[in-house]
Amino acid sequence: MTRNIADIRRDYEGGRLEEGMVPADPVVLFDEWLTLALDAEGEDGNVMTLATVDSQGLPHARIVLLKGYDERGLVFYTNYHSHKGSELANVPHAALVFWWPSLGRQVRVEGSVEPVSDEESDTYFDSRPRASQLGAWVATQSVVIPDRHWIEERQHRFEQAYEGQDIPRPGHWGGYRVVPEMIEFWQGQPSRLHDRIRYEYRDETWRSFRLAP
């Protein structure tokens, strides 16, 4: 590497995030920020890091896509037999991180995790492109495979099996909802004096407060 990464710096210049300007419900603020992020980041606006913990207490993180949210929580879809599915089965808690570099904004979410209903999973699965529906059958996610040819042959077999038919949702594939207990909004500011507003859900009420940068 010819560039010294220790010398890479960015000075942020975002709008101020003040205690008195935030709504009582963090979902309202999240909706506002995500709407702007989708305009600024395009198809990457709903990208988020999902962190889980395995049965030994070891953390694991990966990128997934937010596919829905409301007052109940934030939803993503995956293979239940994947590593993250196994981890959530043992420790049903997770952390999410959204990073929108063009806005200099970050949102952190922590909470419990629950499967969404079969009806919700079916509705979303039916909305997916056919190739993505097939992919849910083809990909035995996270298992070791011999080579690329193995997955291509498997894809061909499923294409033939469902030719001319609707593709049903696999029983091993569906959604999870992260039910937030904490949501933190971070707005980058000059000189690393960033704005951080954290919401915590206590006694069935959201409470917000400012954190030091």
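Reader: I'd like to start with one side chain. Is Trp99 buried, exposed or partly exposed?

Author: Keep in mind that this is a predicted model. Here the general idea is to look at the relative accessible area: under 20% is buried, over 50% is exposed, and what falls in between is partly exposed. Trp99 has a relative accessibility of 37%, so it counts as partly exposed.

Reader: Which residue does Trp99 form an aromatic pair with, and how are the planes set?

Author: With aromatic pairs, you look at the distance between ring centres and the angle between planes; planes over 60 degrees apart count as edge-to-face. Trp99 pairs with Trp186 at 6.0 Å centre to centre, with 65° between the planes, and that makes the pair edge-to-face. Trp186 is buried, at 13% relative accessible area. The structure holds 18 aromatic pairs.

Reader: Which parts of the chain does the pair of Trp99 and Trp186 tie together?

Author: Find the element each partner sits in. Trp99 is in strand β5 (residues 93-100) and Trp186 is in strand β7 (residues 173-187), so the pair links parts 87 residues apart in sequence.

Reader: What does a stacked pair look like, say Tyr124 and Trp173?

Author: Planes under 30 degrees apart count as stacked. Between Tyr124 and Trp173 the angle is 10°, and the centres are 6.1 Å apart. Tyr124 belongs to helix α3 (residues 118-127) and Trp173 to strand β7, so this pair ties together parts that are 49 residues apart in sequence. Both Tyr124 and Trp173 are buried.

Reader: Which residues form an aromatic cluster with Trp33?

Author: Trp33 clusters with Phe185, Tyr199, Tyr201 and Trp206. Look at the ring of Trp33 too: the charged end of Arg105 sits over it, 4.1 Å from the centre.

Reader: How do I read a nonpolar core? Which residues of the largest one touch the most other members?

Author: Look for buried nonpolar residues joined through their side chains. The largest core here has 28 residues, and Phe30, Phe76, Phe98, Trp100, Val107 and Phe185 touch the most other members. At least two residues each come from α1 (26-41), β1 (47-53), β4 (73-79), β5, β6 (105-115), β7 and β8. Helix α1 gives the most, with five residues. Apart from that core lies another one of 14 residues, among them Tyr77, Val116, Leu134 and Trp173.

Reader: What does Phe76 touch, beyond its neighbours up to four places away in sequence?

Author: Its contacts are Met48, Leu50, Val64, Leu65, Leu88, Gly174, Gly175, Tyr176 and Val178.

Reader: Which residues of helix α4 are buried, and what covers them?

Author: For a helix, pick out the buried residues and then see which elements lie against them. In α4 (residues 130-138) the buried ones are Gln133, Leu134, Ala136, Trp137 and Val138. Their cover includes α3, α5 (148-161) and β7.

Reader: Now a charged residue. Is Arg169 buried or exposed, and where is it?

Author: Check the accessible area, then look for polar partners. Arg169 has a relative accessible area of 19%, so it is buried. You'll find Arg169 in the loop between α5 and β7. Its side chain makes a polar contact of 2.6 Å with the side chain of Asp122, and also reaches the backbone oxygen of Trp173 at 2.6 Å. Beyond four places in sequence, Arg169 touches residues including Ser121, Phe125 and Trp137.

Reader: Which side chain does Arg196 join through a polar contact?

Author: The partner is Glu184, at 2.8 Å. Arg196 lies in strand β8 (residues 195-202) and is buried, with a relative accessible area of 18%. Among the residues that Arg196 touches are Arg108, Trp186 and Phe209.

Reader: And where is Arg62, and which side chain does it join?

Author: Arg62 is in strand β2 (residues 59-65), and a polar contact of 3.0 Å joins its side chain to that of Glu87.

Reader: Last one: which feature does UniProt place at residues 43-152?

Author: The unreviewed UniProt entry gives "domain: Pyridoxamine 5'-phosphate oxidase N-terminal" for that span. In the model, residues 43-152 are 29% helix and 39% strand, and the end C-alpha atoms lie 27 Å apart.

Methods:
Residues numbered from 1 in each chain as written. Predicted model: local features only at pLDDT ≥ 70, side-chain atom pairs only at ≥ 80, totals over all residues. Heavy atoms only, no water. UniProt positions renumbered as here; feature names shortened; annotations may be inferred. Helix = DSSP H or I, 4+ residues; strand = E, 2+ residues; numbered from the N terminus. Phe/Tyr/Trp six-rings, centres within 6.5 Å; stacked < 30°, edge-to-face > 60°. Buried < 20%, exposed > 50% of the residue type's maximum accessible area, 1.4 Å probe, protein only. Lys NZ or Arg CZ within 6 Å of the ring centre and 35° of its normal. Polar contact = N/O pair within 3.5 Å; in protein donor to acceptor, adjacent residues only side chain to side chain. Contact = heavy atoms within 4.5 Å. Core = buried A, V, L, I, M, F, W, Y, C linked by side-chain atoms within 4.5 Å.
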